[in-house]
Amino acid sequence: MKNNSIKNVVAVGIGAALFFVLGRFVQIPSGIPNTNISVQYAILGMLATMYGPVAGALIGFIGHTLIDLSWGGAPWWSWVLASTAVGAFVGFMGKRIPLAEGTFGKKEIVTFAVINVIANVVAWLVIAPVLDIVIYAEPAAKVFAQGAMAAVANSVTAVILGALLCAAYSKTIAGKGSLDKE
């Protein structure tokens, strides 16, 4: 159990760092103010699937908080919490995918895609905009437009890039019975 805890701590540290670097320095403008196409949700999806809901939530929370702080302002908590929710949900539901065993076929790809789309739609079309309105008194039309863009962009990057990362990772795992005794 201790070894597993160490792996999870390391995964959170590396995952939050990757989430931060990708979110801060690899952004594609979306045309919607303060909303970019972000590739870090592919890493979040993969690592949450591998390490579970606590690691996923911490990666999303720490990574997004660091991104916001790096811009010189306070964290935008509504969006930090949305990223946290994505990591937690994908980690919880991702337990159904035996990625650590090297299995990531068509069924697992579809499951991964559905989980990530649901997580991103709920996070960016419900959690983030509602909290933007409640916490920051932002105009509803603005935050729901931003949320819609984020939901689509983050779903696409999580599903496509995340599935590619998961497939590549699964190929590095030796399957049970794959080694022959000589």
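The model is a predicted one. Helix 2 and helix 3 are roughly antiparallel, and helix 4 and helix 5 are likewise described as roughly antiparallel to each other. Helix 2 is oblique to helix 5. Individual residues are then considered, including the buried Ser-83 and the exposed Ala-137.

**Helix 2 and helix 3**

- Helix 2 covers residues 40-51 and helix 3 covers residues 53-70; their axes come within 7 Å and cross at roughly 155°.
- Because angles over 145 degrees count as roughly antiparallel, helix 2 is roughly antiparallel to helix 3.
- The crossing of these two helices, helix 2 and helix 3, is right-handed.
- On the side of helix 2, the contact involves Gln-40, Tyr-41, Leu-44, Leu-47, Ala-48 and Tyr-51. On the side of helix 3, these residues meet Pro-53, Ala-55, Gly-56, Ile-59, Gly-60, His-64 and Ile-67.
- By class, the residues in the contact of helix 2 with helix 3 comprise nine nonpolar, four polar and no charged.

**Helix 4 and helix 5**

- Helix 4 spans residues 77-93, and helix 5 spans residues 106-136.
- The axes of helix 4 and helix 5 come within 8 Å, and they cross at roughly 155°.
- Helix 4 and helix 5 are therefore roughly antiparallel to each other.
- Their crossing, that of helix 4 and helix 5, is right-handed.
- Helix 4 contributes residues to this contact that include Trp-77, Trp-79, Ser-83, Val-86, Phe-89 and Met-93. Among the residues contributed by helix 5 are Ile-115, Asn-116, Ala-119, Trp-124, Leu-131, Asp-132 and Tyr-136.
- The contact of helix 4 with helix 5 consists of 18 nonpolar, four polar and one charged residues.

**Helix 2 and helix 5**

- The axes of helix 2 and helix 5 are 11 Å apart, and the two helices pack at an angle of about 120°.
- At this angle, helix 2 is oblique to helix 5.
- The crossing of helix 2 and helix 5 is right-handed.
- Tyr-41, Gly-45, Met-46 and Thr-49 are the residues of helix 2 that meet Phe-112, Asn-116, Asn-120 and Trp-124 of helix 5.
- The contact of helix 2 with helix 5 is divided into four nonpolar, four polar and no charged residues.

- Ser-83 is located in helix 4.
- Ser-83 counts as buried because its relative accessibility is 0%, and residues under 20% are placed in that class.
- The side chain of Ser-83 forms a polar contact with the side chain of His-64, at 2.6 Å.
- Beyond residues up to four places away in sequence, Ser-83 touches Phe-19, Tyr-41, Leu-44, Gly-60, His-64 and Trp-124. Of these partners, Tyr-41 and Leu-44 belong to helix 2, while Gly-60 and His-64 belong to helix 3.
- Thr-84 is also found in helix 4.
- With 16% relative accessibility, Thr-84 counts as buried.
- Apart from neighbours within four places in sequence, Thr-84 is in contact with Ala-57, Gly-60 and Phe-61.

- Ala-119 is part of helix 5.
- At 5% relative accessibility, Ala-119 is counted as buried.
- When residues up to four places away in sequence are not counted, Ala-119 touches Val-86, Phe-89 and Val-90.

- Val-10 lies in helix 1, which covers residues 2-25.
- Val-10 is classed as partly exposed, at 44% relative accessibility.
- Although Val-10 and Ala-55 are 45 residues apart along the chain, their C-alpha atoms are separated by 9.7 Å.
- Gly-31 belongs to strand 1, residues 27-32.
- Gly-31 is exposed, and its relative accessible area is 72%.
- Gly-31 and Gly-91 are 60 residues apart in sequence, and their C-alpha atoms are 30 Å apart in space.
- Ala-137 is placed in the loop between helix 5 and helix 6, the latter being residues 140-170.
- Ala-137 is exposed, with 64% relative accessible area.
- The phi angle of Ala-137 is near 55°, a positive value in a residue other than glycine.

Key: Residues numbered from 1 in each chain as written. Predicted model: local features only at pLDDT ≥ 70, side-chain atom pairs only at ≥ 80, totals over all residues. Heavy atoms only, no water. Axes fitted to C-alpha atoms, helices over the stretch in contact; angles between N-to-C directions. Helix = DSSP H or I, 4+ residues; strand = E, 2+ residues; numbered from the N terminus. Parallel < 35°, antiparallel > 145°, perpendicular 65-115°, else oblique. Left-handed = near helix turned anticlockwise from the far one by under 90°. Contact = heavy atoms within 4.5 Å. Nonpolar A, V, L, I, M, F, W, Y, C, P; charged D, E, K, R; others polar. Buried < 20%, exposed > 50% of the residue type's maximum accessible area, 1.4 Å probe, protein only. Polar contact = N/O pair within 3.5 Å; in protein donor to acceptor, adjacent residues only side chain to side chain.
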